[in-house]
There are 4 protein chains.
Amino acid sequence: MAGNSFGKLFKLTTFGESHGKAIGGVIDGCPAGITLDFEAIQHEMNRRKPGQSKIVTQRKEADEVEFYSGIFEGKTTGTPIGFLIHNTNQKSKDYSHIKDVYRPSHADYTYDKKYGVRDYRGGGRSSARETACRVVAGAIAKQFLKHVKINAFTSSVGDIFIDKPYQDLDFSKIESNDIRCPDAATAEKMIAKVSEVKKQGDTIGGTIMCVIQNVPAGIGEPVFDKLHAELGKAMLSINAVKGFEYGSGFCGAKMKGSEHNDKFNEDGSTQTNLSGGVQGGISNGMDIYFRVAFKPVATTLQKQETINSSGETVEMQGKGRHDPCVVPRAVPIVEAMAALVIADYMLLRRQETKDW
Amino acid sequence: MAGNSFGKLFKLTTFGESHGKAIGGVIDGCPAGITLDFEAIQHEMNRRKPGQSKIVTQRKEADEVEFYSGIFEGKTTGTPIGFLIHNTNQKSKDYSHIKDVYRPSHADYTYDKKYGVRDYRGGGRSSARETACRVVAGAIAKQFLKHVKINAFTSSVGDIFIDKPYQDLDFSKIESNDIRCPDAATAEKMIAKVSEVKKQGDTIGGTIMCVIQNVPAGIGEPVFDKLHAELGKAMLSINAVKGFEYGSGFCGAKMKGSEHNDKFNEDGSTQTNLSGGVQGGISNGMDIYFRVAFKPVATTLQKQETINSSGETVEMQGKGRHDPCVVPRAVPIVEAMAALVIADYMLLRRQETKDW
Amino acid sequence: MAGNSFGKLFKLTTFGESHGKAIGGVIDGCPAGITLDFEAIQHEMNRRKPGQSKIVTQRKEADEVEFYSGIFEGKTTGTPIGFLIHNTNQKSKDYSHIKDVYRPSHADYTYDKKYGVRDYRGGGRSSARETACRVVAGAIAKQFLKHVKINAFTSSVGDIFIDKPYQDLDFSKIESNDIRCPDAATAEKMIAKVSEVKKQGDTIGGTIMCVIQNVPAGIGEPVFDKLHAELGKAMLSINAVKGFEYGSGFCGAKMKGSEHNDKFNEDGSTQTNLSGGVQGGISNGMDIYFRVAFKPVATTLQKQETINSSGETVEMQGKGRHDPCVVPRAVPIVEAMAALVIADYMLLRRQETKDW
Amino acid sequence: MAGNSFGKLFKLTTFGESHGKAIGGVIDGCPAGITLDFEAIQHEMNRRKPGQSKIVTQRKEADEVEFYSGIFEGKTTGTPIGFLIHNTNQKSKDYSHIKDVYRPSHADYTYDKKYGVRDYRGGGRSSARETACRVVAGAIAKQFLKHVKINAFTSSVGDIFIDKPYQDLDFSKIESNDIRCPDAATAEKMIAKVSEVKKQGDTIGGTIMCVIQNVPAGIGEPVFDKLHAELGKAMLSINAVKGFEYGSGFCGAKMKGSEHNDKFNEDGSTQTNLSGGVQGGISNGMDIYFRVAFKPVATTLQKQETINSSGETVEMQGKGRHDPCVVPRAVPIVEAMAALVIADYMLLRRQETKDW
């Protein structure tokens, strides 16, 4: 109930604060007998970790995962996989200046209202550092979902958007630039934008698009646990996310039925895919795609007035090493959460596939 | 797991197909001792029911709720509340022509892929008729949330939008027109638009905005079960929904941190509210507001080509009595789902409020 | 959370008070495509229903199940199965004399302490009438578990015990007498005992043994959700149950390891079965068997002193139509709960059975 | 679903194999603001740990808990508490001889059938070493349940029983002897029995009684999640447990209603307590007490014939350092599981205690 677990049959529970000794998690329900590729896991960690390029925070973290259980002789055993990621670069003193301060548009105030006590160092539990654990679990889910392809990429930064449909993009180019945009020309503009904002000590928002391919038809649960509803929750649970749309999304709300309906081909595929690969909450075998909105990072390097826990006005200024734009580092997190949802729903599906 | 339940402590489970004898549900976890206002429940049902105005389906359903348990001498007893809503207007023969047909952008194809069998009459379980049960539970949740105010309204139809911030609207006017838009001039245009589309045998999409007021600070769970993530899932689980955004939403993704941060007043309230009343997944005491996108209804009265379950191309045409636009009837559903989420999270909150 | 649901993938939620209009339930997660045998369901209901023989309560209830959803053309559709059982013989006036009275060893006092309000008529929600819903769900689970055989029977009444191992009993004889004991000579003594107790206006306890056969090896979850732990919880959730033991049970606690270990045959079966078919919480393919203790019914026809809700001493006397011994009517309930557990764990098992 | 979590609002998830680097767990839902007594936690660990006396295994483990999160400046923060217990004495080579061997009445065979792969070293996940994590969580739950007293003790070893009601025992004497029996004379006989069995290279079973005092009336959920049903499941989930009974238990099944009913005093307490403090699944304010049966440890030092994974007969012999009787070390585990159940149900109760 306390909100630190995700999934039904493939379940991730995370723990840890940004400036404790370590963060970690438990994956319960991973099927037995999967040979794990540990380099692939670390590769995903590296895509998320700080310090990877000039346009992200220059904080340094090794972000190496240590596994404690559920794996024997390189294979999953079906028992829970416990892991830790040590916080090697805690520098707690950096945060003493905000001990009693409620930073604007952060979770300091609300955590205090909820719990009456909080680990104020670096956001504590509310820090996006927690998402490193999601990337571990997502990387394992990806290995388990061999045939499914999940590609997320930066689709906009501020008002710079990719102006092509995703079908015209080459996903193999996503990792070819620091902003993780597969369109080279747009990527360049986005990087310039982030650099400019960074110089101003400011931050900027953006969107990520995610495309999931090769999910068979028939995955998803009806009514409350529709596949896209769970994907939406997964994305909205990522720090800084403000919106989610799939298929035609908010544009679909402007359309007429005669324009919006996806005509069937005789093999059950559809000629258009405004449905976004999901109908009635269940996959139809077409590409599942969605878009996620991220707000600008709340910590800027500009001076801001705010209040402290006594309700007094104080002045504060963020110190170095913050992300000017979360989007490039959020790409692997979006993929990880998508992988967790699909893995979970694929396992749920299994109960229906065998004859009785 | 099978997706027909919603909530943790205040839990709704629904059952029923659009053309079975009845639909119904069970509310488990409603606190004891609440005196129920049955007229208020029926009032919410009437706001959702078909046939209520010229711009909705002319199908007739009494949509009267029959309660079987959990209520004694007018008060809730803390035990589960079981209820039925009889399907009085089934007309099953209307649907014989679609027995083997997969209607475009409906759930016929995906239900068949998932279950291998389906009640094809009127969408069966995938019909929005199921949402009547949500309105029952939401109406009870509203009574339990005495101090919280939940107001949803139509914010756009096609490309006709309300062009004012919600603070300038008079929520007492929501019920004063058939489209449920509190701005009279815009409402008129919306109604004209729906009427026009209806004449063409077509349908149109729209958006609903919802504002939740008087939720105390400190409600919500961190990490995966953030308050807005659960609201998002709740909304995305409603039939025809394609997107969800809260606070600054997708617009926030275009902004800079220096523009987006909500400055605190000394009492902990904020001067702006781009956060949408939620920070780090926890309410901050400000208004919670969000927007939900609905696609156009898939059933039009125009001829369409589609396929049947043998993969053959067939021609089909929707018959009368369908909604040209779901939005006005969806307003009470959005409110109901919002009420369920808030009630549930208020109950979860209680564990933290007493000293140890 | 509120305790009215059972199961993970095959989930039953029940509602209803003994003297409301109806009791009912929802089965969520029953696989699609199962052709239901409605007579078999009613047969199980008849085994539980009052008035079936001279040694049970003479109250009359038709106990006919009405299904509302999840079944189409005789087959399950995979969507939730909602059902009602109408309370045809409510006679609420019978209970006015206990409105404010706390009957000894009933749940009147505790329900009042928990909820502050209760439906006092006939025990309300705490009445064993609720178990009729379990029998419906169990009967469906049995149909889904074609190959598994579940046989429960009365193993003792008071101090009259069957003195044979279950392997020497003919389960086809269970229904041949009113007490549901497959050993004719013992059955006769048990029936005489119940009749004698009944004449005294008294009641008596007993035990039920249950044997589950043909469960494949490998069913069950480790650690907290061990197969026998879930069976234990299922049985302890039945009204009047005071104890549960499986395999060697409490006798095993007196034994030495050298006596207790079950030696393997070369095919993986074991020569003895003190383990009761479960090792480490997982089935080993041998018979699963357990024993359940039921206390004597608390309502006797003798005068008793007790208190009312004001703490005053009052005299009360049970009126006719109560069971002198619950055990014969509890046999189908034990089987139903066993079927629910096995069905649920068989479905959970499926996720592991397919190669990746 | 995969069975490694326990609890609803106060939830423990454990991971780890007996011979991995560490075992550990996550406690999610512990209220914020509790000042933790770490010595008290270690004290409970020491009561469970191997090597503490002559009548338990002589294996050495420090069993020191390392906390990683959820605690700040000595207080719980409401966020998940992650912890590890390092396995300092793994000696994996000890187990090479059983790599392919299915030990009788262990979980080797069933884990293989379920998962197809297993960490065979020392029982892996099926080892009772996992229970150390339960003791950590139980020790924290105990601190949170300040007013509730939980005392478990050894009530029998083989056929040596305490022959007094628990009311005549002095719980402060439980820790005064190695077997954890508060009756000195009986304790002596029990210890002699265990020593004798140990000399024979054999093992022996026993029972533990647990008494929970000061639980207020009104705790528990009706129907499936009755308080005693959850306690039963908790106990049955402990390694080697074969049975559970509460209140009158199996003896109650031999009694008449006129003997068994607990008469009320005018203050709502009862003159006798055959109900065991629970009526209708809800606490009535009286002592809650139950008894748990443990089988003899399966690993003996005597030669046994068994099979290997190829179905061939092989001879095996347990090596040193096993417990001749689990009961003394299981006493703190029983208390820990009882504390987890009570803490969880106390938190569930909170939702009902505030006026609406």
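Predicted model: local features only at pLDDT ≥ 70, side-chain atom pairs only at ≥ 80, totals over all residues.
**Notebook: chain-to-chain contacts**

I started with chains A and B: the contact takes 93 residues from chain A and 92 residues from chain B, where contact means C-beta atoms, placed from the backbone, within 7 Å. The side of chain A that touches chain B has 31 nonpolar, 39 polar and 23 charged residues. For those classes, Ala, Val, Leu, Ile, Met, Phe, Trp, Tyr, Cys and Pro are nonpolar, Asp, Glu, Lys and Arg are charged, and the others, Gly among them, are polar.

Residues are numbered from 1 along each chain as written, and chains are lettered from A and ligands numbered from 1 in the order written.

Next I checked the strands. β12 (residues 241-246) of chain A runs antiparallel to β12 (residues 241-246) of chain B, joined by three bridges; pairing needs at least two DSSP bridges. I found G243(A) opposite E245(B).

Then I moved to chains C and D, looking at α5 (residues 227-236) in each. The two helices pack at about 160°, axes 8 Å apart. Axes are lines fitted to C-alpha atoms over the stretch in contact, and angles run from 0 to 180 degrees between N-to-C directions. So α5(C) and α5(D) are roughly antiparallel, a label for angles over 145 degrees. Helices here are DSSP runs (H or I, at least four residues), strands likewise (E, at least two), numbered from the N terminus. I logged the contact residues, including H228(C) and L236(C) from α5(C) and H228(D) and L236(D) from α5(D). By class, this contact has four nonpolar, four polar and four charged residues.

Methods
Parallel < 35°, antiparallel > 145°, perpendicular 65-115°, else oblique. Contact = placed C-beta atoms within 7 Å.
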